[in-house]
Amino acid sequence: MTGPSVRTDPGCLPVRGDLAHIKLAGLYFVPHYAAPMPRILRADAVLLSAGRNDGEAIMDLPAAATFNVLDIAGQFAWGQLGEDGPVGYVALSHLESDA
């Protein structure tokens, strides 16, 4: 890579200051890249802006859709809805163990 990294709008791409989806390697410079771990969303799943109970709700997520988990911290997963959907946090209790 040459030149500075491009800044992204939050919720636009699966990239944050410390981690990005492996598909973005070479486009965005971050310390770590992750391969997604697909999980199925349970009913009543909500995409949050932060990995905590008081995080702002971004949207209700469709039941049985795929959520690509890129990081897990505490009781929340950070990732992306499908391959090109919104990015945020989902409570682990709203994810099935396997896709």
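**View 1. Val-15, in the segment before strand 1 (19-21), and its separation from Gln-80**. Val-15 lies in the segment that precedes strand 1 (19-21), where strands (E, at least two residues) are DSSP runs numbered from the N terminus. In this predicted model, local features need pLDDT of at least 70 and side-chain atom pairs count only at pLDDT 80 or more, while totals for chains, interfaces and linings use all residues. Residues are numbered from 1 along each chain as its sequence is written, and side-chain values use heavy atoms, with hydrogens and water left out. Val-15 is buried, at a relative accessible area of 15%; buried means under 20% relative accessible area, exposed over 50% and partly exposed in between, with a 1.4 Å probe and protein chains only. Although Val-15 and Gln-80 are 65 residues apart in sequence, their C-alpha atoms are 9.9 Å apart in space.

**View 2. Gln-80 in strand 7 (residues 76-81)**. Gln-80 is buried, with a relative accessible area of 2%. Leaving aside residues up to four places away in sequence, the residues that Gln-80 touches include Pro-14, His-21, Lys-23, Phe-67 and Val-87, a contact being heavy atoms within 4.5 Å.

**View 3. The hairpin of strand 6 and strand 7**. Strand 6 pairs with strand 7 in the antiparallel sense over six bridges, where pairing requires that DSSP finds at least two bridges between two strands. Val-69 stands opposite Gly-79 in strand 7, and two residues separate the strands of the hairpin, with Gly-74 in the turn having a positive phi of about 60°. Strand 3 (residues 37-40) also pairs with strand 6 in the antiparallel sense, over four bridges, and here Arg-39 stands opposite Phe-67.

**View 4. Salt bridges around Arg-16**. A salt bridge is a side-chain nitrogen of Lys or Arg within 4 Å of a carboxyl oxygen of Asp or Glu, and the structure holds four of them. Asp-18, which is partly exposed at 37% relative accessibility, forms a salt bridge with Arg-16, with the closest N and O atoms 2.7 Å apart. Asp-71 likewise forms a salt bridge with Arg-16, the closest N and O atoms being 2.4 Å apart. Because Asp-71 lies in strand 6 and Arg-16 in the segment before strand 1, this pair ties together parts that are 55 residues apart in sequence.
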